[in-house]
Amino acid sequence: MKSEMLNHFSFGYKFYASDLLVTGSRIFALRQEHLVTDWINFNLRLGGEPHEISGTNKDFKDKLEVKIPPGGLSKEERQCLCVALADELKVYLGVIDAADNLTKEEKKESRREINDGCFI
């Protein structure tokens, strides 16, 4: 099971989403940084109840740990990371912009978070 999840992470947004963006497919997005809110709103939109995420997916997410250096990344390190991820960020923002389930404000918020994190 663990290796299957890691294989999933070896491909980026470009691999999964580029064709969807070109064809104009209907897209729904659950943003990792706003997962609970997006999940509840999406569930309500589909006519469901506003229950929170539970089970193995939530447990897996809660156990993920990113080791950040003490004091976080420097401005220069963050900018280098953003440059390295520029193509992925472009596709990610395309997915966010195309997402039917996100409001204009939520889309602006995601764009602002990336701009602030990358010092754009």
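Trainee: Which residues are linked in a network of salt bridges?

Mentor: In this predicted model, the network of salt bridges links Arg31, Asp38, Glu106 and Glu109. A search of the whole structure finds 6 salt bridges.

Trainee: What makes the pair of aspartate 38 and arginine 31 a salt bridge?

Mentor: The side chains of aspartate 38 and arginine 31 come to 2.8 Å, N to O. A salt bridge requires a side-chain nitrogen of Lys or Arg within 4 Å of a carboxyl oxygen of Asp or Glu. The pair therefore counts as a salt bridge, at 2.8 Å.

Trainee: Why is arginine 31 called buried?

Mentor: Its relative accessible area is 2%, and buried means under 20%. Arginine 31 is therefore classed as buried. Aspartate 38 also counts as buried, because its relative accessibility is 2%.

Trainee: Where is arginine 31 found, and which residues does it touch?

Mentor: Arginine 31 lies in the loop between H2 and H3. Not counting residues up to four places away in sequence, arginine 31 touches Asp38, Tyr92, Ile96, Leu102, Glu106, Glu109 and Ser110.

Trainee: How do you know that arginine 31 and glutamate 109 meet in a salt bridge?

Mentor: The N to O distance for arginine 31 and glutamate 109 is 3.8 Å. The cut-off is within 4 Å, so the pair qualifies as a salt bridge. This pair links distant parts of the chain: arginine 31 is in the loop between helix H2 (13–23) and helix H3 (35–45), while glutamate 109 is in helix H7, 78 residues apart.

Trainee: Is glutamate 109 buried, exposed or partly exposed, and what makes it so?

Mentor: Glutamate 109 has a relative accessible area of 26%. Buried means under 20% and exposed means over 50%, with partly exposed in between. Glutamate 109 is therefore partly exposed.

Trainee: Why is glutamate 106 called buried, and which residues is it in contact with?

Mentor: Glutamate 106 has a relative accessible area of 13%. The limit for buried is under 20%, so glutamate 106 is buried. The place of glutamate 106 is in helix H7. Leaving aside its neighbours within four places in sequence, glutamate 106 is in contact with Arg31, Asp38, Asn41 and Asn101.

Trainee: What makes glutamate 105 and arginine 112 a salt bridge, and how are these residues classed by accessibility?

Mentor: The closest N and O atoms of glutamate 105 and arginine 112 are 3.3 Å apart. The requirement is within 4 Å, so a salt bridge is assigned to glutamate 105 and arginine 112. Glutamate 105 counts as partly exposed because its relative accessibility is 46%. Arginine 112 counts as partly exposed because its relative accessibility is 41%.

Trainee: Why does lysine 108 count as exposed?

Mentor: Lysine 108 has 51% relative accessibility. Exposed means over 50%, so lysine 108 counts as exposed. Lysine 108 has its place in helix H7. The C-alpha atoms of lysine 108 and isoleucine 96 are separated by 9.2 Å, and these residues are 12 apart along the chain.

Trainee: Which residues of H3 are buried, and what follows H3?

Mentor: The buried residues of H3 are Leu35, Asp38, Ile40, Phe42 and Asn43. Glycine 47 follows H3, and its phi is positive, near 90 degrees.

Trainee: How many helices and strands does the protein have, and what share of its residues is buried?

Mentor: The protein has 7 helices and 0 strands. Of its 120 residues, 22% are buried. The protein exposes about 9100 Å², of which carbon and sulfur atoms supply 58%.

Notes
Residues numbered from 1 in each chain as written. Predicted model: local features only at pLDDT ≥ 70, side-chain atom pairs only at ≥ 80, totals over all residues. Heavy atoms only, no water. Helix = DSSP H or I, 4+ residues; strand = E, 2+ residues; numbered from the N terminus. Buried < 20%, exposed > 50% of the residue type's maximum accessible area, 1.4 Å probe, protein only. Areas by Shrake-Rupley, 256 points an atom, 1.4 Å probe, with all protein chains shown as cover. Contact = heavy atoms within 4.5 Å.
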